[in-house]
Each structure stands twice: as C-alpha cells, then as structure tokens.
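My entries follow in the order in which I looked things up.

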Amino acid sequence: MPVYIGKRLLVAIPTLLIISIFVFSLQKLLPGDPILAMAGEERDPAVIEFLRDKYRLNDPVVVQYFYWLGGVLTGDFGISLRTNQPVLELILQKLPVTIQLAVMAMFFAMLIGIPIGILAAVKKNTFIDYIANVLALTGLSIPNFWLGIMLILLISVQLGWLPASGFESIFVDPVRSLQTMVMPAFVLGNALAATLMRHTRSAMIGVLSADYIRTARAKGLSPREVILSHSFRNALLPVVTLSALLFGELLAGAVLTEQIFTIPGFGKLIVDAVFNRDYAVVQGVVLCTAVGFIVMNLIADVLYVLLNPRLRATL
Amino acid sequence: MMRLTKLTTALLAGALFAFPALAVDLRIGLQDDADVLDPAQSRTFVGRIVYTALCDKLVDVSPDLKIVPQLATEWKWSADGKELTMKIREGVKFHDDTPLDAAAVVATIERNMTLPESRRKSELTSVAKVEATGPLEVKFTLKSPDVTLLAQLSDRAGMIVSPTAAKALGANFGSKPVCAGPFKFVERVQQDRIVLEKFKDYWAKDKIFVDKVTYLPIPDTTVRLANLQSGDLDFIERLAPTDVAAVKGNSGLKYDATVNIGYMALYANVANGARADNPFGKDKRLRQAFSLAIDRDAMNQIVYEGTAVGGNQPFPPNSPWFNKAIPVPARDVAKAKALIKAAGFDRVPVELQIPNNPVAQQMMQILQSMVAEAGFDVSLKSTEFATLLEEQTRGNFQLSRSDWSGRVDPDGNIHQFITCKGGINDVKYCNPDVDKLLNEARASTDDAVRKQKYDAASVILNEDMPVIYLGHQSWIWAYKKSITGFVASPDGMIRLQGVKKG
C-alpha cells in the first residue's frame, strides 16, 4: 500500500506542473490590467511603473512563471497585489474556514442523502420512493444563491434564530462558529445530498436484489439486519468513493455559498482575486485546490481498496 | 426559595459592581473589503470610511463641504498663493503614544511624496517643500499656486501617521496602522472584519461614545440589509435604492441619504487613437443629440427609485459650483433628430462599453432604447471593471460608461479628465481655452473668481461634450433606530464623532 500511495504522489507532480502552467497562461490571456485598478482612481504613471516593476510584470511571461515556480519551491507563493499580504498567509488563513464549511456540508449531505437513499431503495416504486425522488430533484435544481438568500430572509430576518452571515473561528467561539455555519453548510450540502441519495438508492437496489440477500432473508434475519448489516455495507462502497470525490464539488459550491453568507474562505478569496486580477493569489489558490483534489482522489482510491478486499490483490 | 432569591440578588449586585457599564460595540456593514490600510497606499472608498475612525487628518470636511480644522487648528495662505502655513493642535498623541507635532506632519507628507508605493504623489504634486517652522507649525511651499491642496489634505494625503510606526514598518505600515484618530487598530481578517477600539487619549475623546467598531465587508446588498434587519449589524452603507422602501417600512430602522459629490457619465472617445475616428467622436452635434435624447429623470426613477438626481455637469445641481445658466436638459427627441440630420446622418451606430453589474446594465438598456428613438443604434458591450478600465485607458472604446467618486474641491471632478495633459483624460479631449480656465481656477484662492472660471469652462464643455454627464447618485445609509447623532455627508464618510448607540 505505501508503495502504491508513493507512486500516486509521484504522478501528481507533473499534474500539478501542468495545472500551474495552464492557470498561469490563462490568467495572462485575461483582458484587464491589475495595475491600473491598483494605482487608484488617479492612475499616476509613476506609481503604475513602480508597481509593474515590483511585481515583475514587465518581464516576459515565461520568466515570470519560473520566478513564481522558484518561489513556490522555496515556500514563497508571492504577495497579494491587492493587500500586500503574503499569499501563503492568506491561504493558511482561509483554508481552515472552507474545510470547516466543507466538512459540515458533507455532514448535512450524508445525514439527508444516505437515509433517504436507503429508504427509497427499500420502498422502491412506492409513494415514498417517488417523494424521495422529487425531493432529490428539487435539491439538485434549486440554485445555491437563491436558497441561501431565502434562508437568510426566513431564518435570520423573520425568525431571528441564526446570524444572517459572517464567520467566527471554531477555536475562538465554537457556539457562534456553528451558528454562523449551519445555514451555509446546509445550503451547500443540500445539492450534494441529492446526488448522494440517488447513488445510495441505486447501489442499494443493486445489492438488495443479490442472491445472498435472498438467502439472508430466507434464513429468517430481521429486515433491519438485512438492510443495515448485509446490504448497506456493500452498497456503501460506491457511496464512500463518491463522497470523497464530491469534496471537489463542495469547493466549487463554496465559491457561491461563501459569497452569499460572506464567509471569508477560499471561495471568496478566489472570486475577489480573479476580479482584481490578483495573479499571485489566484495562482496560489488554484495550486492548493489542485493538491486538494489529488489528495481526495487518492483517499477515494485507498478507501475503495480498503473496503473491497477483492481489489487488494491488484496492488 | 427565600435563600435562592437572596443569593440571586447578591450575585446580580456583585455582577453590577464587577462590570461597570457594558461596552458599546458598533457593527458597520461595508460594501467591499478595504485594501491595504496605509493612508499613503490605499485607494478604495471603503478604506476611507475606516480611516474616518482610525486616522485624523490635518483638515476635515463639513457636511456643507467646507474645509474645517481637525489636526490643524488654523491655516493661512500667503498673498501669492504659494505658501500655506498651518498651526498644529497641541497635545495630540498617536495610538502608540508618540506625540503629534510639526515634525510628525512633515515626516508623513514627505512619506506620501517619496514612498515608492505611495498613491498620494499626484495629489501632492504641487508641493515643492514642507518644513516645520515651529514645534507646532508647518509650512508648505508650492511650485505654483494650488488652492486644491487643502482639499487633498482633508483626505488620505493629510492623514498623519505615527513616524515611529512608519519608520519601523515602512511599506508594510498597513499591517498595523498607527494614526491619531478616535479609534485604534485591533485586528483585521481579510474579507471578514476590521476591528478598532476607542483610543483613550484621543484629543476629542468626550465626543466619542462608542467603545469598539467592527467593519464587516458584505458585498451583497440584500445580505447586508438582512444583517441589519436581523440585528447582526447596527449600520450599513450604500443601501440599494430598491431597498429603501423596505427600510422605510421597518419601524426599527432609520434611513439617511444625500446626493454625493461624484457623477455618473459617458466618456466619448474624441481623440484617443483610431477608435476616435468615427462620426460620433468627431462631430459634437451627434454627442449633443445623444445627450438630448436621454430622459435623465425617467432613468433616475426607474433605476435609482428617485434617489439619484439628473445632471449635465461634473458637479451636482445642488453644488455651489454648478453653473445654473446651463440647467439639466429635458429630453428633446425632435431637437436631437434635427442635430443628427444637420450632421448629415439618419441613423448613427454607437458601441457603448459598460461595466457588467446589473444596475449599470439596466440603466444602459433604458438609455439604449431612449436614444434609439432619436436615431442612435447603440450596441452594448458589457465587460467587467478591470477590463473596462484598461480599454478606456488604451482608447479601445467609442463610448464608455464609468463613474467618478467625486472630490471635495471642484478641481478634482474636472481638471484631470479634461485638460490636455490630464492624468485620466481617457477621451483625450484637448482645448487650450479650457486648460487655461481650469488652471486659473486651480490657482486662485478667491472662490468667486474660481466659480467664474468653472462656469466659463462648463459652457465650452457643454458645447463640445467629450463627457456626457448623466447624473449623481445618492449615498444611502440605513441604521438601527437606537443609533443617534449620525450626520450624513455628501462625501459618503461615516464619521463617528457624536454617534451614540442605545
């Protein structure tokens, strides 16, 4: 297993390089000059020239890229054009926020998606199944931003139960932290719950029609035991893999959710950075996200192997 | 039971003694996150709002846009307008206990003029030398007379920073700004909050009734208002005009608005590169016709719910600098058609570049259909702001829609846009007569003389029309009923002197 993981990590290096080159070039192709916006409304030519020089924007793009890469290899991700803060510091500040949001969202997604999926499979083609499907379809179709605003208006403004937006670190004030995160996590988890539900349902249906389940039933096991111990465990396989992969979708969803709930996380960081053409920040955030993706994929593969003994022989 | 009551009473009494009064915490929702918090380097509007609490300036601006004392108690211009002497307030301290004296003022101004990262250079360009002429007296010597300097000193260029901190932190001053305002810096989390607390040695501390201020950037106007309605915020700036009715209908909230000192405009490329070579850029009659085809009042009613005012000059109609001889024109399609015909056209194609925000788009779609009736076939080209700015600078536009946030001195709303060598003259309009008038207006310390010059310039500009002014938005604030003492100011700042909560 360690050899397998090691191999996978080695393969990740060229992937990351290609991603960084891709993002770097894409950014340079974007119209719009960050320095013009940064120089202030007056756009003083001396300031513009100084800033171009300071951020090496006068160098050829290839030189700029290698300069950036050299920095990254020594742990220097550059400095934000907009706020003068080191990019690494920004990333370390924002990453835990988005991780908290993602974990809580995943919790909601699993809490809603898996039980309903099991129920729908067990009660296949009944009224309950149809209701569950309608719910899933609704969850998938409702846009994040709309649901977010509606929840804010209902829960915060009308009922006054939760803060409308904002963020508090879980290490500073855990209660407030959970209060501010519940709504955004629910909004973000909602769409994923639908995907999870659909997958759980089809996996369960597949397993429930297997021969060994008929045997289990025949030998007189209670339906509860059949469903939870015998079927669900096997059906869990694709669901677990999917959950790990869904973390990618979570990050994408976090961009919108963080914007609505004003959560100072990764998503908001990247949106602001793109709009301000804050090259170093975009570059750093994308690289970090790519690493996250690769790690989640790896975890999914490893889990798959761990859960499915038949695959262990292939390693 | 009796015992329990006694115990509770004792505990409560103890608590009352232990915690004298509850700290007053004011939470303000801003539309954006501020950029770097160094007065020499910062450029955002919201940054300036934070500075009104953090950094005092040499002079301030009153709600009627007069220059009033702040760190400078009095000032005097020399007869030739080339020297400005200021007396500095006695006994003022920076947040790090460094005393604020003439030397500190000189150090700040020199920092603003020489720090490579400084965005204040163009604002202080007329200053040849600044020196301490006494422990509490400074003298600015100018290259040429420049009456606008005072207005510059009422903003970031005049915010005095602690020389100790500036020396220690250099260009990194924004990581822990030390000024002499009523509140001192506590912490900042990017895109989340900026926290300030009351400075106990502030020179006018008896006017400060708030212990802690937290600024929270919340870009979405609906969410910002929702936070105010749910009680998470006490105060918000830039309420969307469409939400004014909701605030007015809420008994727990108050609302304040005032026409701002900036403007909304269309910039017509008259001489910036090849894109200017078209009838619209070359024939002023077409631009005049375009302006006449716009119903400014209707646009204001529809897009801004009546909170904005129509305009045709760089100053709003309620400004003392507005030329009343050229009133905001009413829509006149017949006259517009006649002008187009006189220019030898039937229909005129125009490409209009607009920022991709919903309000600007809505406004320009209305405009598109208005001018179509007169004979303009406007195609809208929507781009995001960074691109718009670049295209405008490079001259890659025919007509471009952008705003100016406005300056206290009239010069700041006109000179750099219209003079031949103006730093942001993107339309590349150049008229020696206008240059002469605007330069003279800048040099005179007599307001009557200045007004005369601006009036004369506005007549020429209204004829040549390189910039088609559309109107002036309002600053709109909403806040809890329990907040008192806030004074709305046309510069859009939130001054906390005198503001009470509860």
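Entry 1, ground rules. I count two residues as being in contact if their C-beta atoms, placed from the backbone, lie within 7 Å. I also note at the outset that I am working with a predicted model.

Entry 2, chain A overall. I looked up the make-up of chain A and found 13 helices and zero strands. Taken along the principal axes, the C-alpha atoms of chain A fill a box of roughly 85 × 55 × 35 Å.

I asked which residues of α5(A) meet α11(A). With the contact rule above, I find A:L90, A:K94, A:L95 and A:T98 on the α5(A) side, and A:F266, A:G267 and A:L269 on the α11(A) side. Sorted by class, this contact has four nonpolar, two polar and one charged residues. I then looked up the geometry of the pair, and the axes of α5(A) and α11(A) come within 7 Å and cross at roughly 130°. I therefore record α5(A) as oblique to α11(A), since an angle counts as roughly antiparallel over 145 degrees and as roughly perpendicular from 65 to 115, with the rest between these taken as oblique.

How far does helix α10 of chain A, residues 223-261, span between its end C-alpha atoms? I read 43 Å, whereas a straight helix of 39 residues would span 57 Å at 1.5 Å a residue. Looking along the helix, I found that α10(A) bends by about 50° at A:F232.

Entry 5, where chain A touches chain B. I find 40 residues of chain A in contact with 33 residues of chain B. On the chain A side, α2 (34-38), α3 (45-54), α5 (87-122), α7 (144-158) and α11 (266-275) each supply at least two residues, and α7(A) gives the most, with five residues. By class, the chain A side divides into 20 nonpolar, eleven polar and nine charged residues.

I traced an open sheet of seven strands in chain B, in the order β8-β9-β10-β1-β11-β19-β12, with mixed pairing. The edges are held by β8 (183-189) and β12 (253-259), each with a single partner strand, so one side of each is left without a neighbour in the sheet. Within this order I checked β1 (residues 25-30) and β11 (residues 235-236) of chain B, which run parallel and are joined by two bridges; B:I28 stands opposite B:F235 in β11(B).

Another open sheet in chain B has four strands in the order β4-β5-β7-β6, and its pairing is antiparallel. Here β4 (72-77) and β6 (127-134) stand at the edges, each with a single partner strand, so that one side of each has no neighbour in the sheet. Neighbouring strands of this sheet are turned by 20° against each other on average, direction ignored. I looked at one pair in detail: β4(B) and β5 (residues 83-88) of chain B run antiparallel and are joined by five bridges, and B:W75 stands opposite B:M86 in β5(B). Lastly, I asked what lies across β5, β6 and β7 (137-142) of chain B, and found helix α3 (residues 102-114) of chain B, which runs at about 165° to β6(B).

Notes. Residues are numbered from 1 along each chain as its sequence is written. Chains are lettered from A and ligands numbered from 1 in the order in which they are written. This is a predicted model: local features need pLDDT of at least 70, side-chain atom pairs count only at pLDDT 80 or more; totals for chains, interfaces and linings use all residues. The expected span of a helix is 1.5 Å times one less than its number of residues. The bend at a residue is the angle between axes fitted to the seven residues ending there and the seven starting there. Ala, Val, Leu, Ile, Met, Phe, Trp, Tyr, Cys and Pro count as nonpolar, Asp, Glu, Lys and Arg as charged, and the others, Gly among them, as polar. Axes are lines fitted to C-alpha atoms, for helices over the stretch in contact, and angles run from 0 to 180 degrees between N-to-C directions. Angles under 35 degrees count as roughly parallel, over 145 as roughly antiparallel, 65 to 115 as roughly perpendicular and the rest as oblique. Two strands pair if DSSP finds at least two bridges between them.
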